[in-house]
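Here is a short report on a few local features.

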Amino acid sequence: MDDRALDHTRRLAQLAMAGRLSRREVLRRGAALGLSAPALITLLAACGGGESAGSTSATGGGGSTPASESETPASGTSTTETGSSDGPKKGGRAVIALIQEPGQMNEFFNSQSGSFLSVLVVEPLFIADANGEYQPVLAAEVPTIENGGISPDSLTITYKLKEGITWSDGEPFTAEDIVFTFEVYKNPESTPLVPAAYDKIESVRAIDPLTVEVKMKEINPGYLDLWQTVLPKHKFDSTAVTQEHPLARLPLGTGPFVFKEWKTGDQIILERNPNYRDPEKPYLDGITIKVSPEKEATIAAFIAGEYDYVYFIVTGDLPTLTQAEQEGKPVHVELFEGGASVEWLWLNLSDNGDPTKPHPVLGDPAIREAMDYGIDRQAIIDEILGGFGSLTGAFIYAGWAALDIPVTPYDPDKANEILDAAGWQRGSDGIREKDGVRASLRFQTIAGDQTRELYQQLIQQNMKDIGIELKIENVPSNTIFGSYQEGGLLARGNYDIVMSRDGYEVDPADWAAVFTSDSIPSEENPGGFTYCHWRNAEFDAAIKEASSTLDQEVRKQAYARAAEIFARERPALPLYQSASADAWSTRLKGVRVGYFNPRGTLYGAADWYLED
């Protein structure tokens, strides 16, 4: 534990001994700091209680309750809201606030964060539980070599589907829908935006209505991440499907709810699915997703009881929310063990999207190295995030392949030395120049998030201290993450620095592939997606090796090499790893936790009900 983390632990202990925090709050904040069970027991004793830390879940739950067969997913899920003794109440509408409105809700055509809300309607074949183990949803079982789902050469995967699943319009869900989804993907006139695992598929064949055989061109470690979205064959006239198609905007699904209406900038209406496989569920009549452009106002409205859920809670929201819960406001905050996505600075290494030409400023490794040393990351956690969050220097920081790479220390003196040695000289205004190029960069993130704007300003000052000028120009989510055809900043390479979160994955295959040369978007590859427009043959080779086998030990070694290259070349800089948390109103009951994804609570919306 470094000095600042130790200081924060001491402050937590002082608050506990002063009686200013409840036992539950001590557990939450202690878990966020990564404290061991003995340390938590000591802190609980300081609160004056006699129970052990093991008697209360560090996530605030009341023990684990296995999901019933009628529930969607994941083994090991637990419910933290038991509701009334009379059982779940039927009726009513839950209200979800959405900060970052996407262009489409269909994740097959859109990677924007807000489109994850489509899981209220669209179900995947598999979902990862809290331990990173995949559990079947639309599939009947997880394919393995033992059950015949994976061939001895690992090139053929057989997916078996559950019986009795129907689309929300009553049509049967079958293997032909899986086949059709792949045909849409491979049609050159379609505009899918899906994981790289699809690139490795050679063919998809329906053996019978509930069995799909998928042959791979090469070993495909991402085979369980395929089919997160399945397209209903009976609703399309052609396999040429673009983002303009109505079902690319509001998809049809098999889940507990159905999309009914979308008023852009206002709200998205969902109704109960009358053909859901459990006739007793969902309990709610529907869900209203209210679009809210400003995060802080939304959080305030949530605390006041205007919303039942906010998509999505991030580390910067936790100080306000935990304080509100302590004060008895109608909110429940759930802090999970471990962390969540890392907040990154994506550095454009290309000149306006052309990877053969280096960025005039960020193309210099000395600039990137100096920036890395020049950012006071711990100050972001301590001064802006209320102590929530943690530091990591690892490109792969979650899942089975997670690595322990220390964060680059804050050392502005070293940063200045690096820039001096590289020939970047300070001008009269303190900003550095080299060969007539000024070290001035646009710094962008999604507009409307005041917490992010605060640490943008901190980073801006950090960079000014070492002679690099950052100009903050925040824009809507669509502008940053839009497709190549839509002129998205990331896709077109029309940016300098963009800040967003990503990389929290069970398996790093698709995450790592985003940084390979093959993923860079272009006229010839408009469906590609990259954060950095970076090309590195050594990195590409390591990722290719990691993707060529299902042997996790071999893969882990290859990913470790890739992570070392990433850390050395710095195409992106990690700021902090988010605390893993979610929150909902106290009137919303039946919420289940136990998923790898912190927003996994949405997977169990069939069990939600309202209790005033």
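Asn352 takes a positive phi near 55° in the hairpin of β13 and β14, which has 2 residues between the strands. This is a predicted model: local features need pLDDT of at least 70, side-chain atom pairs count only at pLDDT 80 or more, and totals for chains, interfaces and linings use all residues. Residues are numbered from 1 along each chain as its sequence is written, and side-chain values use heavy atoms, with hydrogens and water left out.

Strands (E, at least two residues) and helices (H or I, at least four) are DSSP runs, numbered from the N terminus. Two strands pair if DSSP finds at least two bridges between them. Elsewhere, Lys434 has Val437 in β17 as its bridge partner.

| Strand pair | Bridges | Direction |
|---|---|---|
| β13 (residues 350–351) and β14 (residues 354–358) | 2 bridges | antiparallel |
| β16 (residues 432–434) and β17 | 2 bridges | antiparallel |

An open sheet of 3 strands runs in the order β15-β16-β17, with antiparallel pairing. β15 (425–426) and β17 (437–438) are at the edges; each has a single partner strand, so one side of each lacks a neighbour in the sheet.

Now the helix residue. Ala563 lies in helix α16 (residues 552–569). Ala563 is buried, at a relative accessible area of 0%. Buried means under 20% relative accessible area (1.4 Å probe, protein chains only). Beyond its neighbours within four places in sequence, Ala563 contacts Phe395, Leu403 and Ile405; contact means heavy atoms within 4.5 Å. Ile396 is 167 residues from Ala563 in sequence, yet their C-alpha atoms are 6.7 Å apart.

Definitions and conventions:
Buried < 20%, exposed > 50% of the residue type's maximum accessible area, 1.4 Å probe, protein only.
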